[in-house]
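Trainee: I would like to learn how to read a model like this one. Please take me through it feature by feature.

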Amino acid sequence: MLLHRPSATIGFTVVELVVVIMIAGIVALVAIPRFMGASGFQSRGFYDSAKSVVRFAQKTAIAWRKDVFVCVTATGVSAGTAAGCATPIVNPATGNALSATAPSGVTLTPAAFSFDSAGRPNPNAAVTITLTSTIADDPARQIVIERETGYVHP
């Protein structure tokens, strides 16, 4: 007959618990400050939105077979069917004008250009939109529109 005796090695030792608590504390020290300030996330979100506005303007120019204008100011990007973006394009998904407004601390290099019916930028030159940020640890970003194809990329 075998006797079943409880093992003495069940559970955690004090040293293991202390090490786990120390590791959790170090992770908290590194991770929590990243989530306390949302301005860096807002800056990246604006960059993505601005790039989407430019891409949508190019696709709209191709689909409608007419010029679509992109207006970049120091505080935002918008698209329209008339020079100066006086007649904004409406986003069919939201019903709002196709535009993106920069959060505080982010500025853009002003520019004005249009896409022709083939999706190429007019004037026929590469266009670079630079986003500059005063937010700590937030890098400068660029939106580049290629001259021949109108390809919009970072």
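The dialogue below goes through the sheet, a hairpin, some contacts, the salt bridges and a surface patch.

Mentor: This is a predicted model, where local features need pLDDT of at least 70, side-chain atom pairs count only at pLDDT 80 or more, and totals for chains, interfaces and linings use all residues. Residues are numbered from 1 along each chain as its sequence is written, and side-chain values use heavy atoms, with hydrogens and water left out.

Trainee: Let us begin with the sheet. In what order do the strands lie?

Mentor: Strands of a sheet pair through backbone hydrogen bonds, either parallel or antiparallel. Strands (E, at least two residues) and helices (H or I, at least four) are DSSP runs, numbered from the N terminus. Two strands pair if DSSP finds at least two bridges between them. Here 5 strands form an open sheet, ordered β3-β2-β1-β5-β6, with antiparallel pairing.

Trainee: Which strands are at the edges?

Mentor: β3 (99-101) and β6 (121-122) are the edge strands, and each pairs on one side only.

Trainee: What packs on the sheet?

Mentor: Helix α2 (residues 39-64) does, touching β1, β2, β3 and β5 (111-115). Contact means heavy atoms within 4.5 Å. The direction of α2 makes about 15 degrees with that of β2. Axes are lines fitted to C-alpha atoms, for helices over the stretch in contact, and angles run from 0 to 180 degrees between N-to-C directions.

Trainee: How many bridges join β1 to its partners?

Mentor: Strand β1 (residues 68-73) pairs with β2 (residues 76-80) over 5 bridges, antiparallel. C71 has S78 in β2 as its bridge partner. Another 5 bridges join β1 to β5, which also run antiparallel. There, F69 has S114 in β5 as its bridge partner.

Trainee: Is S114 buried or exposed?

Mentor: S114 counts as buried because its relative accessibility is 5%. S114 lies in strand β5. Not counting residues up to four places away in sequence, S114 touches V68, F69, V70, R120, P121 and N122.

Trainee: How do β5 and β6 pair?

Mentor: In the antiparallel sense, over 2 bridges. F115 stands opposite P121 in β6. Their hairpin has 5 residues between the strands, and G119 takes a positive phi near 85 degrees.

Trainee: Where is S117 found?

Mentor: In the loop between β5 and β6. S117 is partly exposed, because its relative accessibility is 41%. Leaving aside neighbours within four places in sequence, S117 is in contact with A61, I62, R65, K66 and D67. For a distance along and across the chain, take S117 and V144: they are 27 residues apart in sequence, and their C-alpha atoms are separated by 19 Å.

Trainee: Now a serine in α2. What does S43 touch?

Mentor: S43 is found in helix α2. S43 is buried, because its relative accessible area is 3%. Leaving aside neighbours within four places in sequence, its contacts are P103, V106, S133, I135, D138 and R141.

Trainee: Next, charges. How many salt bridges are there?

Mentor: Side chains of opposite charge can pair when their charged atoms come close. A salt bridge is a side-chain nitrogen of Lys or Arg within 4 Å of a carboxyl oxygen of Asp or Glu. By this rule the count is 4.

Trainee: What separates the atoms of R44 and D48?

Mentor: Their closest N and O atoms are 3.3 Å apart. R44 and D48 are separated by about one helical turn, because they sit 4 residues apart in helix α2. R44 is partly exposed at 40% relative accessibility, and D48 is partly exposed at 32%.

Trainee: Which other salt bridges can I look up?

Mentor: One of them joins D116 to R120, with the closest N and O atoms 3.2 Å apart. D116 counts as buried at 17%, while R120 is partly exposed at 36%. Another links R147 and E148, at 2.8 Å between the closest N and O atoms. R147 is partly exposed at 39%, and E148 is partly exposed at 48%.

Trainee: Finally, the surface. Which residues form a nonpolar patch?

Mentor: Patches are made of residues with over 30% relative accessible area and no salt bridge; like charges are joined within 9 Å, nonpolar side chains (Val, Leu, Ile, Met, Phe, Trp, Tyr) within 5 Å. Here V15, V19, I23 and V27 form one, with about 370 Å² of accessible area together. Accessible areas come from the Shrake-Rupley method with a 1.4 Å probe; for residues, only the protein chains shown count as cover. V19 lies in helix α1 (residues 14-36). V19 counts as partly exposed, because its relative accessibility is 41%.

Technical notes: Buried < 20%, exposed > 50% of the residue type's maximum accessible area, 1.4 Å probe, protein only.
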